[in-house]
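Take a look at the picture before you start on the notes.

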Amino acid sequence: MPTPIRTLALSPRVTATGHALAAAARRRGLRCETLREWRAPDGPSGIGSLYAGPLFADAVAGGLGLGLLEAPAGWLAELPYELTGRDIEFTTVARTRALRRPAFVKPPNDKSFPARVYPDGSGLPGPDAVDDDTPVLVSDIVAFPAEYRLYLLDGEVVTGSRYAVRGALDVVPLEEDALHGEVLDFAALLFAPGVPPLPSAVVVDVGTVDGRWAVVEANAAWASGHYACDSDAALDVVLRAARPAAEVGARDARFLRPVRHVVQ
C-alpha cells in the first residue's frame with residue numbers, strides 16, 4: 001500500500017516564510033493547506049506538519065495529532081555565562097512585577113506579552129491580563145551588534161542567516177557573511193558536554209556581545225521566520241519539529257510543547 005502524501009498546514013495569516021516553506025514542500029511532492037478556522041479540520045486530514053504562530057498552533061495541534069518540539073522554557077537561563085554573556089533568570093511574571101531595575105523581559109515560548117526592555121516590573125501586564133505563574137526570562141540589558149538565525153537538525157547547522165546589525169534589519173545568507181565560520185564554531189559549543197540539551201530540530205539565534213559570541217534565544221522551528229535561510233533546509237527542520245506525535249522518539253519526547261486548548 002503506498003504511503004499517503006502528507007500535508008504541510010499553514011495558519012490563516014500566511015507569512016513570507018510560510019509561502020517559502022510551502023513552495024519548498026511542493027517541490028518535494030508534499031501537499032500544502034492553509035487552514036481557515038482556529039480549530040483542526042473535522043475528520044482525517046492527512047496533515048503531517050504545521051507552520052504557524054504559537055497561539056494558532058495551540059488551537060489546532062492537539063486536534064491534528066501533532067507533536068511540536070521546542071526548547072525547554074528555562075533553557076536559556078540554564079546555559080553557562082560563557083554562552084550567554086549576561087545574567088539570565090527564569091522566573092514568573094508575578095515575581096518580576098516586583099523588579100525595581102531595568103531588564104529585558106520575555107515569555108520564553110509564546111507571545112503572551114511583548115518581549116522588550118522594561119524600566120522596572122511595574123510596566124508588565126497585570127494579573128487581569130497575564131496569569132501570575134506565567135514563566136518569564138529576565139536578563140541583563142545588552143546590545144548585539146550582529147545577530148544570526150540558525151536552523152539546527154541533529155546538532156548541525158543546516159542553514160542560517162544574518163538578520164540584524166546594530167538592531168536594524170540586515171538580512172544576508174550565512175554563507176555570504178564574513179563571520180560565518182565563527183558563527184558555526186560557536187554553534188558547535190551548544191552541543192558540548194554539560195550544556196543543557198535541545199530538541200533534535202530547533203532554531204537558535206546567536207550574536208556578538210562585547211566582542212564575544214553569545215546565544216540570543218532559542219525558538220520553535222515551526223514558528224520562526226527564515227530570513228535569508230535556505231527554504232529547503234529550513235523545511236527539513238520544520239518537518240521534524242512539527243510532526244505526528246506518535247512519531248516523536250524518546251529522545252525528543254521531553255521537548256514536546258504541552259497540548260493546550262485555546263477557545264476563540
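Glutamate 89 is partly exposed, at 37% relative accessible area (buried means under 20%, exposed over 50% and partly exposed in between, using a 1.4 Å probe and protein chains only). Please keep in mind that this is a predicted model, in which local features need pLDDT of at least 70, side-chain atom pairs count only at pLDDT 80 or more, and totals for chains, interfaces and linings use all residues. Residues are numbered from 1 along each chain as its sequence is written, and side-chain values use heavy atoms, leaving out hydrogens and water.

**Salt bridges**

- The whole structure has 15 salt bridges (a side-chain nitrogen of Lys or Arg within 4 Å of a carboxyl oxygen of Asp or Glu).
- Glutamate 89 joins arginine 95 in one of them, with the closest N and O atoms 3.9 Å apart; arginine 95 is exposed, at 59%.
- Aspartate 132 and arginine 97 form another, at 2.7 Å from N to O. This pair links distant parts of the chain, 35 residues apart: aspartate 132 is in the loop between S7 and S8, and arginine 97 is in the loop between helix H5 (93-96) and strand S6 (103-106).
- In that pair, aspartate 132 is partly exposed at 40%, whereas arginine 97 is buried at 16%.
- Asp58, Glu70 and Arg257 are linked in a network of salt bridges.

**The sheet**

- An open sheet is formed by 4 strands in the order S5-S8-S6-S7, with antiparallel pairing. Helices (H or I, at least four residues) and strands (E, at least two) are DSSP runs, numbered from the N terminus, and two strands pair if DSSP finds at least two bridges between them.
- At the edges are strand S5 (88-92) and strand S7 (116-118), each pairing on one side only.
- S5 and strand S8 (residues 135-139) run antiparallel and are joined by 5 bridges; threonine 92 has proline 135 in S8 as its bridge partner.

**The cysteines**

- How many disulfides does the structure hold? There are 0 (a disulfide is a pair of cysteine sulfur atoms within 2.5 Å).
- Cysteine 32 is partly exposed at 21%, while cysteine 229 is buried at 6%.
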